[in-house]
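I begin with one pair and then turn to another.

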Amino acid sequence: MKWDSPSSWDRRVEWLLRPAPRSWRVVGLLILLSVAVSASLRVNWGSDNAFVVKAADALLSGVSPYEDKRFLYLPSAVVMAIPEALLPAPLLRCVLPLGMTGLVGLGWWASLRLFSVPVRSRLAVGGFGLFALLYKPYINLVLIGNWTAISAAALPVALLLAHRRSWVAAGLVVGLAIACKPMLVPIGLLFVLARQWRALAVAVGVPVALSLAGALMMPRPMLFFTKTLPFLLQGQDSYALPWDASPIAALPRLGVPEPLAVLVAFAGAGCGLWAAWRRWRRPVAVDGDGGELRLVETACMVMLAAFLVSRPSFDHYLLVVLPLLLASGVRTGSMPRSPWFWVALLPQTAGVPWPSELEHKRRAFKDMATLCGLAGLLARRSLRPVRVMVAVVRTTGSPTRTEPECAATPVETGSRTAF
């Protein structure tokens, strides 16, 4: 696989890093607002957020939120949703899509700052506008108001803090995100690889403490263990199955025996975790940056491996890793510089005329293709051998030989060897 031609890509990146014209900013803002406004006018707006608001209403009414089998979050999420439950429905209809847009925008901003990309550049302004216009899972996320948007903002912010050596603050951000929705639990492996034990303790302690506080506020909190957790471990039911992109759920719908589908998914996740470990151990000097590319690709590999086996695994889950991967395109050899990266995203691009059997309740097959494609590409990049550049060194009276470029020195005269 040919990854990139440095000369052509460097010219494109240089053009993308220039300041965006004012017209780009206006058009980008109009795109974001149009997506948010159109979502607020739809009949099924906030359908996923409604489960969390309903749980908060139940708590305020003295009923256990886990009486509803559709509420699958930690008790801490009920406490987080109380402000939403107190808002009037017409106001929430306007605030929720804008909030989803702002959270994804925060993740995009943090991803750009992690790679020192100016926030007024063409990549920052035009990239987010095109992403909101063409990437269908973004439109779905703004429409349904799923709390995945919190993780999409939290992971880039946490990695930005970690890159700046504020690991404890990164752990706090991850912990708060887990308290809202336990999507970033796999990122604990990143703290283990980096041996940041205090940050790991904070990331674990914050959701545990908030969940205990929430459990003390609600009646029958043990329903989470006796009713909700078993329901979640079984992969839910027919309500979520048509949109579940996990290979464990999608492959049996294509005729693959379920035990084989489980084996394939866990094998892929195991390879992904191995690739994440190998990627973290690769020397930073190989990437030619300050370590941000290693940080991003390791975290994204961990999350993609988790998405392969999580039940369910919806299309908007990839919004957690895509802003980071897209922003990494300014680095030589990164995933966005491979044409296969864009081929993998094609199934989730809005406006592509797919056959009718791949739309609506069967779109999980397209989402699974994108998930597996991105996971495979990133694993391949993480596992590929490190290339060592060599230079020819000539010495008087000796045959031509090669040494690592860092060890070679120019020949000054014909009577001195190049050591």
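Which residues in H5 meet which residues in H7? I noted that Pro-97, Met-100, Thr-101 and Val-104 in H5 meet Tyr-138, Leu-141 and Val-142 in H7, where contact means heavy atoms within 4.5 Å. The residues of this contact divide into 6 nonpolar, 1 polar and no charged (Ala, Val, Leu, Ile, Met, Phe, Trp, Tyr, Cys and Pro count as nonpolar, Asp, Glu, Lys and Arg as charged, and the others, Gly among them, as polar).

I kept in mind that this is a predicted model, in which local features need pLDDT of at least 70 and side-chain atom pairs count only at pLDDT 80 or more, while totals for chains, interfaces and linings use all residues. Residues are numbered from 1 along each chain as its sequence is written, and side-chain values use heavy atoms, with hydrogens and water left out.

I then looked up the geometry of helix H5 (residues 89-114) and helix H7 (residues 136-144), which pack at an angle of about 135°, with their axes 7 Å apart. H5 and H7 are therefore oblique to each other (angles under 35 degrees count as roughly parallel, over 145 as roughly antiparallel, 65 to 115 as roughly perpendicular and the rest as oblique).

I turned next to helix H2 (residues 22-41), which packs with H5 at an angle of about 140°, the axes being 9 Å apart. That angle makes H2 oblique to H5. In this pair, Leu-32, Leu-33, Ala-36, Ala-39, Ser-40 and Leu-41 in H2 meet Arg-93, Pro-97, Leu-98 and Thr-101 in H5. By class, I recorded 7 nonpolar, 2 polar and 1 charged residues for the contact of H2 with H5.

Notes. Axes are lines fitted to C-alpha atoms, for helices over the stretch in contact, and angles run from 0 to 180 degrees between N-to-C directions. Helices (H or I, at least four residues) and strands (E, at least two) are DSSP runs, numbered from the N terminus.
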